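Biologist: I would like a close look at one part of this model. Please keep it brisk.

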Amino acid sequence: MTYKSVDISRCKALSLIVLFFAILARMREGIKKKNLSEPTDGGFYTAGVVEFRQAIGQDSNENLADNLAGYLELIESPDARTADIIVFPELTLNDMETLTFLPKPEQSLSPCVDDPIARYYAPFLVSISCAARKASKYIVINICERQLCSATPEDTRPCAPTGYNVFNTNVVFNRKGTIISRYRKIHLYGEPRNSTFVPEPMSFKTDFGVTFGHFICFDILFYDPAHEMLLEQGVRDFIYPTMWFSQLPFLTAAQVQLGWAYSNDVNLLAAGASHPEFGSTGTGIYNGRAGTITGVMKWGEGERRIYVAKVPKYQMAKNIKAQRPQRSLKARLERKMRQGRNSGILMKRDYLEQYESVWLEQLYQQTDGNLKQKVCHGMLCCNFELQWRQLPEGTADNNFYGFRLGVYDGWRNEQQVDANYVRNCAIFACSGPDIEDCGQVLDTMQSRVNFKRIIIEAMYPRSREFLLMPNSVLDNFLPLEPPQFKWSMVERAVSNQISVRFGLTDSVQLSNLLTFAIYGNYYDDNCTFGKGTPEEDRECGYLATGGGAAALRSIGFKWYVLLALGLVCNLSS
């Protein structure tokens, strides 16, 4: 009896200790999550993003003078008066013939003050520095920069005959015109430029209590630098100069910008070059899960215009939706409809021939209908549920477009650029029944159906680095806003999978849809569960279980096991 009593007492004590530490671990985890989603400062800041049509004449110096005049006019404009920070697009100021040196940010140098007659730095850099100082604003520009190869002796790569490395570079000026940050583009898009050899800080602090990270254009499709800054530094506000070349059906500019900001739940200030005839347009300010505050996909002729809005600092974003200084959802949707069809925008096309796809012949049968269908490719299986009603014929020649279901598990097959691995589930528009008819601009065509219900569900594998995004675009090349769709992700820890569901909200019906998809960006696809052998899964940190499944090593999982053992001990006593 004595021994049993001692064992019971010890068992109860053990269970209480385990329970205490399990609760402590969960509290610490909760605090960590709260800190990520609710930073410490309150209020708004005011941002301006510029859609800018750069000069493209034969004379580089004339182009630079024209572009600089446009920049200075926008900085000094009444529309920009309230902005704390203004962001200009990628490659819309100087070019390879009008390069400039840049100081290191740690030098805290103001070209306006320290080199007023432009002996060392290009005159345009001095002018922007002085404009930032005069307007008392943070200014972000993107330039073609040169640096002497001898400035980085540790870089053993061959140097150009000119003796310079040339970079695609963001430059940040503070309110005094001082250069406080720079970032040299990592993921070049077929550009004749260098990538930096020595990594540099890619974030900066402001006097209005916000820390920004910044990156450029094609970088958005990769883990580093942007996604890395969020996960490893906790940066929640991002600056994004771009000269994006939109691509159907998944990678038009605003479609990518909103999806990235929504999935990461961050503020994104995107400034786009404005040459729709070349496929470049797309500017906006995005407030994470709340969606677009302001933005444009310009068609026809480009423009030189600043879009200004108040941006919630992230700790208040969940509680101030009603106070946000923006149009109502109804007004925003009406604005989208008024922008009209996509005439005048050039679009690239994704490599859809690689997809496992199914043509939806049912949509041509002149009846209302619904379907449930499963489509698989590689490791990925997607379940689709659709419901639609037929629209009355609106054209004499019955010039309608249809749809395909598509699934892809593989590398994006874009040549001569950095590759990323994607796992996509999608329904997308096609001008005809062949896969070659999909991902095209549909200027003169109209949809035959009005979708009353769209749901896509799939199980996605965990990976070391990945991002799952809602992906949609309408026939005006603007995406659906968060109130128009439902998005959920449920982690299945034991199986190392994530259950994803993307659907229209119950009140939304669409007759102008081009794309509705779950876009799974797996970057370099390292340590994706289930892709390698069991030994490789274990090397990546996945623990095999008796049933042949696995669980990723985590402190939380261990505490749950200990808690269960303690409870069993308690019950048995």
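Which residues form a nonpolar patch on the surface, and with about how much accessible area together?

Modeller: This is a predicted model, where local features need pLDDT of at least 70, side-chain atom pairs count only at pLDDT 80 or more, and totals for chains, interfaces and linings use all residues. Residues are numbered from 1 along each chain as its sequence is written, and side-chain values use heavy atoms, with hydrogens and water left out.

The patch consists of I56, F245 and F278. Together they have about 280 Å² of accessible area (Shrake-Rupley method, 1.4 Å probe; for residues, only the protein chains shown count as cover). Like charges are joined within 9 Å, and nonpolar side chains (Val, Leu, Ile, Met, Phe, Trp, Tyr) within 5 Å.

Take F278. The loop between strand 10 (267–272) and strand 11 (283–287) holds F278. Strands (E, at least two residues) and helices (H or I, at least four) are DSSP runs, numbered from the N terminus. F278 counts as partly exposed because its relative accessibility is 44%. Buried means under 20% relative accessible area, exposed over 50%, partly exposed in between (1.4 Å probe, protein chains only).

Now G70, in helix 2 (residues 60–75). G70 counts as buried because its relative accessibility is 5%. Leaving aside neighbours within four places in sequence, G70 contacts F52 and R304 (heavy atoms within 4.5 Å). R53 lies 17 residues from G70 along the chain, and their C-alpha atoms are separated by 9.3 Å.

Note on methods:
Patches are made of residues with over 30% relative accessible area and no salt bridge: like charges are joined within 9 Å, nonpolar side chains (Val, Leu, Ile, Met, Phe, Trp, Tyr) within 5 Å. A salt bridge is a side-chain nitrogen of Lys or Arg within 4 Å of a carboxyl oxygen of Asp or Glu.
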